[in-house]
Amino acid sequence: MNAQAALRSSPLQVAPVAGMLMRRALAARPQSVRFVTVRAITSGSIAAAEAKQTRLFLRGAGFRAGSLATLRWKPPSLAVRRQYSLSPVAVISPSSAKTGADPELAKELGFERVEEQFVDEYKSTATLYRHKKTGAEIMSVVNDDENKVFGIVFRTPPKDSTGIPHILEHSVLCGSRKYPLKEPFVELLKGSLQTFLNAFTYPDRTCYPVASTNLQDFYNLVDVYLDAVFYPRCVNDVTTFQQEGWHYELNDPSEDITYKGVVFNEMKGVYSQPDNVLGRVSQQASFPDNTYGVDSGGDPTVIPDLTFEQFKEFHAKFYHPTNARVWFYGDDDPNQRLRIISAYLDEFEANAASKESEVKVQKLFNEPKRVVETYAVGDGAANARKHMVAINWVLSDTVLDPETELALGFLDHLMLGTPGSPLRKALMESGLGESMIGGGMEDELRQPQFSIGLKGVAEEDISKVEELVFSTLKQLAEDGFSPEAVEASMNTIEFSLRENNTGSFPRGLSLMLRSMGKWLYGLDPFEPLRFAKPLEHFKERLKTEGVKGVFAPLIRNFILDNPHRVTVELHPDVEKGKMEEAKEAERLASVKSSMTKEDLAELARATEELRLKQETPDSPEALKAVPSLALSDIPKKSTNIPIEVGNMKGSTILRHDLFTNDVLYTEVAFDMRTVRADLLPLVPLFCQSLLEMGTADLDFVQLSQLIGRKTGGISVYPSTSAVRGRAEPSSHIIVKGKAMASQTSDLFQLMRKVLQDVKFTDQGRFKQFVLQSKSRMEGRISGGGHSVAAARLDAKLNSAGWVSEQMGGLSYLEYLRDLEKRVDEDWPSVAESLNEIRNELLSRKGAIVNLTADERTLTSAESHVSNFLDAMPETAGSLTKWDRRLPLVNEGLVIPTQVNYVGKAGNIYDAGYELDGSAYVISKVIGTTWLWDRVRVSGGAYGGFCDFDSHSGVFTYLSYRDPNLIKTLDNYDGTVQFLRELEMDNDALTKAIIGTIGDVDSYQLPDAKGYSSMMRYIMGISDEERQRRRDEILSTSVKDFHAFADALESVKDKGVIVAVASADDIDAANKERSGLLEVRKVL
């Protein structure tokens, strides 16, 4: 997968001091590309996440805001739809440091200790080693974190846009010297307890990280990855290059030749997303003279120029210890780390790779530049307001000192970090565009950048956007920022840094990526790990120099007076997509015309030979080469989360006594079934309004600053799920917050203020919410059509799906388009509906208050919870029934795209299936064998997977960035025969069971544990039921697979289809199977 700059994901990692520390600290946790039944729309993070999407190259199971990396595709965990019935692993917060490796052993193994530091911020001892023979550098971070992390990173700067680093990143994990099977990566997915397993390609580096809480499993993962990067089979096997990169495909000499390849189709999907097009153009125009001026992910028009010889040469040059940075983190033995890595490094001699891979500095321009490009859109009158404009700066061509980088990070948060931040507010309230683009400060590459702009702009307003950006920046340089804004930013950033909450993303991996931002360029790898002293020094500087004295020079020197500025305009073009397809067809026709009959016959034979190889499973002997745990290594009992259930003033109180480092985490859930069905599409905007409109005594900027000064954050969002055995869904609006224990009173007072005091009176601001949401939904459809298809399928098959689709699917987009007009024409009725939702929703009767902290903090919070509930109305509206579905018809949703997203689903409970834990194992095997091989490997899609929602009974097949449509549907239907004929030896079955337990025992930090426990309570999932399902998983047999085929027969015969695809592909499908899809133009 490729990585372009932004694993935006939502609050992901805590950024380094020597980096745009706060933006990444506040960003977002990695979100997977998978579809989740229990949806949460968090209004507080919407704009922040959106601002980071521009440079995103989403490649796999997850992505991080602010990161430029492409991730390797990983089939979604089956846990997503049963996430609240899982058994979490206990987490111990690092509390004390251990020592590094034995110095004498390090010398004996050929390492010299370069430097060792105790990093107090993370209670870790970090030691930097250098392997004397090869020059490889190893960072060994030792602490008490059980979630152990390993990573190896190579600098891999490309010279062109053939995508060679990206294709190689895919290919090295397709078999190696010690593990000579097709894809050890997939075998690890099947049978490991990994908490992270992926790979990603940045514009200048390729990263291979793994993580696990099980020591032997961790060592297994490390060995597979080391053997893969240093001794991959792909450099001697052209078929892997063809499969993962590109090849000509010809099934019959009479047919047209086509291009196939996983990366080729992945990048077609990337280039179909306007935001990605803008990010690519911006980066390449900003860095025309170094490696960032080309696309490491690959341009689909250029990828077919790559040869196998170039591919092999690139690996030989850059995948060498001399060019490697190795990272270890966690509570494993530091001596064993050096033994493991030295066994590989000792087999090499030093070479010039490190010198050849150096990333050259882009010299700053003497004058600004402007670039105008186009992107493909469908026909429509709305195209007049579909222009995009971004202003991009490269901030420096010399290394910035840590203090300057820290100050720039604070400046970024002050200008853009919250809805009330002045630059963001000015852009969003201008009416010049629909939503903000540009990632603000970015520091993950060799030189820091700043980017900002708008999309959904009329062509005549492009210059006005530029003028607004500059006038706002000038005003900020002259007037500075208010003390309240600075205090709010300081508290928000410091809270995030000290909390170090990376969600499901391993903390050690977050630290690794931060360290690499310096280490990779020959700078201090320890610097990004420290923030305490620089933060205190920065506070002192603010006191002595004043806010204006600190920030005004930064705005002027790095932005306003900086001539290295590139303004990028992206214009909609209804002909572009057709022209690109015509050029590709012309190129392929030329290739075919140059071939003789013998050549064509040979190509057809080679195509069939490759397909046969792709679809032939590895032998049992080959599979045994991949190390795996035994069932005896797996705990038989589920791990339970402590919970006390009580009652206060008619509300249910859930308490979870867990160590949280003096932080209180809370959720208050209000039953949403009191809201009328016709108002459901308004709920996400209601949630956003609560946080982004003002009260009688505070405007929304002051309210936002108050939340930032007093808490770690508040968010409001709807959450809906089916409940097994119950017709009506579980549906709540959840108010989520966190604060230091000493600020518990402030937290609950602000949550009450948000819920009760906010006034729905700002028509113009609400109109902007509508435009933002519409733009975001359109972007979701073009870039994540599989999730839209999944939501649509769910809405046809159960009421919970219908509710969620009303608030986040195609129905929601259609509602937003109508609402945009209604806000202008009948605002009073809209405001009345918002107030009605609040009046019907808020009640202490039936509310659930969830509290996660240590016992002392929980006890002290009781009085504040009581005061909060006293302020709530005693009763609210009566419950309504939402027993609705979308029509059960097949749909073809037309969008301008070069790839498709194909879904098919059915409700197997309706067909008589009764839940058994074996279904989780079977679903995992289907996704990592049959669908992986047929839809991805052979079919060329970037991803193919299935998902079983054990709450509703809906079984769903989905594909992602897929060149096919009918062929993919046939592969879905072929699952039944695959299961009926399946033969599995004991080793394969054991791996499948262990991998499923790995999903079930998902690693969680304390706040996630408390939240999961609450959701289990809401959905009636007892610890006894979880243990029963675990027992069923552990006792799964091959007979269960054969029996499950009967359940999937109903999906094959009666399942409903939704395909998000191009008009041509939907038309072709309807010609091949008359009337298959009811056509709807969406974009």
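Student: Where in the chain is K123 placed?

Tutor: K123 is in the loop between strand 2 (111-119) and strand 3 (124-131). Strands (E, at least two residues) and helices (H or I, at least four) are DSSP runs, numbered from the N terminus. The model is predicted, so local features need pLDDT of at least 70 and side-chain atom pairs 80 or more, while totals for chains, interfaces and linings use all residues. Residues count from 1 along each chain as its sequence is written, and side-chain values use heavy atoms, with hydrogens and water left out.

Student: Why is K123 called partly exposed?

Tutor: Its relative accessibility is 29%. Buried means under 20% relative accessible area, exposed over 50%, and partly exposed in between (1.4 Å probe, protein chains only). K123 therefore counts as partly exposed.

Student: What is the phi value of K123?

Tutor: Phi of K123 is near 45°, a positive value in a residue other than glycine. K649 also has a positive phi, near 55°. K649 lies in the loop between strand 17 (644-648) and strand 18 (651-657). Its relative accessible area is 37%, so K649 is partly exposed.

Student: What makes K317 and E356 a salt bridge?

Tutor: The closest N and O atoms are 3.8 Å apart. A salt bridge needs a side-chain nitrogen of Lys or Arg within 4 Å of a carboxyl oxygen of Asp or Glu, so the pair qualifies. It links distant parts of the chain: K317 is in helix 10 (residues 308-318), E356 in helix 12 (residues 353-356), 39 residues apart. K317 is partly exposed at 26%, and E356 is partly exposed at 44%.

Student: Why is K355 called exposed?

Tutor: K355 is at 59% relative accessibility, so it counts as exposed. Its side chain meets that of E358 in a salt bridge, 3.8 Å from N to O. E358, at 43%, counts as partly exposed.

Student: Which residue forms a salt bridge with K924?

Tutor: D999 does, with the closest N and O atoms 3.2 Å apart. K924 belongs to helix 31 and D999 to helix 35, 75 residues apart. Both K924 and D999 are buried.

Student: How many salt bridges does a search of the whole structure find?

Tutor: It finds 79. K386, E434, K774, E778, R817 and E820 are linked in a network of salt bridges.

Student: How do you know that helix 5 is mostly covered?

Tutor: Eight of its eight residues (184-191) are buried. Among them are F185, E187 and K190. What covers the buried residues includes helix 6 (215-230), helix 31 (918-928) and helix 35 (986-1000).

Student: What makes a space a cavity?

Tutor: On a 1 Å grid over the protein atoms alone, a cavity is a set of points where a 1.4 Å probe fits but cannot get out; lining residues have an atom within 4 Å of a point. Points are joined across faces, edges and corners, and volume is the space filled by probe spheres set on them. A search of the whole structure finds ten cavities of 30 Å³ or more. The second largest cavity holds about 140 Å³.

Student: Which residues lie nearest the centre of the second largest cavity?

Tutor: K182, T239, T240, Q243 and K613 do, out of 13 lining residues. Helix 7 (238-244), helix 20 (597-615) and helix 32 (930-938) each give two or more residues to that lining.

Technical notes
On a 1 Å grid over the protein atoms alone, a cavity is a set of points where a 1.4 Å probe fits but cannot get out, and a pocket is an open set with protein on both sides within 12 Å along at least five of seven lines; lining residues have an atom within 4 Å of a point. Contact means heavy atoms within 4.5 Å.
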